[in-house]
Amino acid sequence: MIYFDNSATTRVNDEVLKTYNLVSQNFWGNPSSLHDFGEKSYNLLSQSRKQIADLLGVNPAEIFFTSGGTEGDNWIIKGTALAKREYGKHIIVSKIEHAAVLNSVAALEELGFEITYLPVDQEGRVSVKDLKDAIRPDTILVSVMAVNNEIGVIQPLDEIADFLQDYPKVHFHVDAVQGLGKGIHDLVFNKRVDFITFSGHKFHAPRGVGFIYSRNGKKLKPFMDGGGQEFGQRSGTENLPAIAAMAKAVRILKENESAAIVKEQEIRQFIVDHIGKFEKVEMFSKLNDHFAPHILCFAILGVKGETIVHAFEKEGIYISTTSACSSKKGVTSGTLNAMGVPQEVAKSAVRISLGDQNNLKEAQQFIAVFDKLYEQFKKLS
């Protein structure tokens with residue numbers, strides 16, 4: 001099996017799984033309990049928080065654990081809306097955000113908030129000029145993702161941050177679910193960024209766990225009310241085995257980041273050099289500094305994306321249509337539509353998403369299968 005769908009989810013790292021099992025078996029006390037057994041769990045929770053914070057260069061008090069990216073995006077967007085509604089009800093997002101962001105602001109729109117959707121250019125990048133035109137005195141939040149999950153484009157977060165320096169009361173949120181370990185740390189952790197979302201299963205941690213970065217001093221209404229865990233900001237008994245495992249995954253990710261990026265770039269370049277020569281192949285991900293190293297989106301014109309995915313699946317190679325979250329719904333790529341790609345072309349789009357566990361031998365097998373399938377697709381189209 002060749003797994004080229006790492007942007008959808010990743011296999012849990014063996015060492016990470018060991019940590020998960022060890023904590024499950026030995027630290028099952030509730031971190032909120034007063035007894036010594038609960039205190040041991042609390043100490044491990046604190047150690048995990050500090051490890052993640054140290055690796056990312058932030059304060060441990062700025063890390064809050066969640067169930068994943070969707071909860072993180074919902075919490076930051078809706079939590080900002082509730083915390084700052086007396087100051088305004090205007091929110092700005094890009095048109096190509098993840099559904100967790102777009103559906104969150106759509107829900108707020110039903111409650112009377114006004115949403116401005118920034119357009120993107122042919123590469124899928126927003127323009128700071130459009131942001132300047134959109135911002136208003138009643139704007140309370142700007143939310144722009146770091147790396148697009150469909151085509152891998154990196155947004156100009158530094159330019160946005162520079163502009164927002166003049167608007168210190170406007171929250172700036174970055175969805176970095178696809179951005180951790182991809183060589184853009186300084187871009188994401190810009191001093192003007194207030195909130196960042198992360199999800200563990202995107203970097204070899206278990207599913208159902210994630211975290212947000214929340215800058216000290218920024219107002220955010222709690223999303224989960226209850227027993228007051230996570231400094232009173234996110235109630236619910238902490239998933240300690242998954243949190244400790246995620247901390248291990250972040251450490252492994254950061255230790256191997258440089259080597260993983262080089263490998264992913266080599267594999268992506270190798271695939272592009274081959275399939276890019278074919279007449280009916282159209283590339284949407286570019287090989288420049290505006291794109292993350294692990295995502296490659298392309299189309300075989302005249303063939304539906306789902307047909308391509310299933311054809312590769314029969315050969316033991318797993319890729320996806322542009323977004324795993326919408327692939328089974330038959331939804332055409334919102335990112336490609338926003339980029340002005342014709343609907344018929346967008347229907348043919350598929351995504352390869354690489355990880356540090358992939359290698360060039362797998363890429364060689366991929367292009368061998370691609371050549372065979374391309375001849376079959378030519379007959380279909």
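## Strand pairing around β10

β10 pairs with β12 in the antiparallel sense, over 5 bridges. This is a predicted model.

Strands of a sheet pair through backbone hydrogen bonds, in either a parallel or an antiparallel sense.

## The sheet as a whole

The three strands form an open sheet in the order β9-β10-β12. Pairing in this sheet is antiparallel. The edges are β9 (281-283) and β12 (349-353). Each has a single partner strand, so one side of each has no neighbour in the sheet. From one strand to the next, the twist averages 30 degrees.

## Burial of β10

How many residues of β10 are buried? The count is 6 of the 6, so β10 is largely enclosed by the rest of the structure.

Both faces of the strand are covered. One side carries Ile 295, Cys 297 and Ala 299. The other carries Leu 296, Phe 298 and Ile 300. All of these residues are buried.

Helix α9 takes in residues 257-275 and lies across β9, β10 and β12. The helix runs at about 15 degrees to β10.

Glu 264 sits in helix α9. Is this residue buried or exposed? Its relative accessibility is 2%, and buried means under 20%, so Glu 264 counts as buried. What does Glu 264 contact, leaving aside its neighbours within four places in sequence? The partners are Lys 182, Pro 293, His 294, Leu 354, Gly 355 and Asp 356.

## Helix α3

Helix α3 spans residues 69-84, which is 16 residues. From its first C-alpha to its last, α3 reaches 22 Å. That is close to the 22 Å expected at 1.5 Å a residue.

Is α3 mostly covered or mostly uncovered? Of its 16 residues, 13 are buried, and the helix is mostly covered.

Notes: Residues numbered from 1 in each chain as written. Predicted model: local features only at pLDDT ≥ 70, side-chain atom pairs only at ≥ 80, totals over all residues. Heavy atoms only, no water. Pairing = 2+ DSSP bridges. Helix = DSSP H or I, 4+ residues; strand = E, 2+ residues; numbered from the N terminus. Axes fitted to C-alpha atoms, helices over the stretch in contact; angles between N-to-C directions. Contact = heavy atoms within 4.5 Å. Buried < 20%, exposed > 50% of the residue type's maximum accessible area, 1.4 Å probe, protein only. Expected span 1.5 Å × (residues − 1).
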